[in-house]
Amino acid sequence: MKSSPSTGYVTADDVATAAGVSRWTVNRAFKKDASISAAARAKVLLAAETLGYVPDLRAASLASDHSNLVAILIDDFANPHKLVMLERLTRVLRGRGWDMMLVNTLDRDDAEPALMNARRRRVDATILIGIQFDDEVLEAAHKAQHFKKLIIFARSSENKDTISISVDDRAATLEIAEYVRDRGYKAPFYLAGPRTSSAHLSRKETFLDFWAKEFGVTCDSVAVPAYDSILAADIISETLSNKPENQRPDIIVCENDALALGVIDAIRHRLGLRVPDDIAVIGFDDVPQCESPNYRLTTYRQPLMDMANYLVDVLESSENSQLDKTFIGRLVVRESA
């Protein structure tokens, strides 16, 4: 099929004619590992550039059963760490030859249809980032249709049909808890996020268990229904506003930075107190706002580039089991605690 004069659509046949090679040589020239001489590839690429030819990736995926396309399903954009994760992940994916389709899952009811839509797009893997993908949703999706690879990123999962790539929450939280102890804090308060049955964070349980074993007391805690700074500020304000000074926590440990930033705002602007002099704050993730002079938040940094590179290793692996992996990050100490 030749190019259409009315649309200017350029085909592989047009490139083959211009380069003086076969159509199959044109196809091989655009495959990373195909057997083709450097001279032939150069002729094809020059002809393609001159004609403005772009290979049809969808047709290539139908022929090879590989699209080099992944679907990223993400929720909770109120959490600034999601944007950081997306930036790192997409940078690594593009750098290693992968393209992506981004889907914002609006709520839990939208999660299952989004999963099925991703599968119909012939993606090589579906990457889940967020809290909407509980066991019920994943089980329904697997019953309906098989996924090549279903990867939960930045959360651990017990679901046997998923691959989990995450920071070691227990090791990270123990480092935070030991820091709180060693700095001499005596009355910590833990601010947790929403609970999920599949992609679970064990940070709250680890911290409370450590404190109970060290000091024989259970520190107070409360959960916020979403990773939202304003919600966190509201809940902390309500929780602490009527407490006398001798009953206030001396440090608030937060499950992530979105909560911690809201906590700092509440302490300063709603309660009229100082950070860290009256109440210290620790977060988790190390989003860019942590370095701001307004926050200078002590937090735990996840090794997102290492996690993203491993995710691409998983995409390129022929294996589909025993690929779960946890990573160790590091505590970043600033002035908030």
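A: Let's start with a charge and a ring: the charged end of Arg 203 sits over the ring of Phe 284, 3.6 Å from its centre (the rule asks for NZ of Lys or CZ of Arg within 6 Å of the ring centre and within 35 degrees of the ring normal). A word on the source: this is a predicted model, where local features need pLDDT of at least 70, side-chain atom pairs count only at pLDDT 80 or more, and totals for chains, interfaces and linings use all residues. Residues are numbered from 1 along each chain as its sequence is written, and side-chain values use heavy atoms, leaving out hydrogens and water.

Now to the aromatic pairs, six of which turn up in a search of the whole structure (ring centres of Phe, Tyr or Trp, the last by its six-membered ring, within 6.5 Å; stacked under 30 degrees between planes, edge-to-face over 60, tilted for the rest). Phe 207 and Trp 211 make a stacked pair, 5.8 Å centre to centre with 10° between the planes. Because they are four residues apart in helix α9 (residues 203–215), about one helical turn separates Phe 207 and Trp 211 (helices are DSSP runs of H or I, at least four residues, and strands runs of E, at least two, numbered from the N terminus). Phe 207 and Trp 211 are both buried, meaning under 20% relative accessible area, with exposed over 50% and partly exposed in between (1.4 Å probe, protein chains only).

Finally, the largest nonpolar core has 29 residues (buried Ala, Val, Leu, Ile, Met, Phe, Trp, Tyr and Cys joined through side-chain atoms within 4.5 Å). Helix α11 gives the most to this core, with eight residues.
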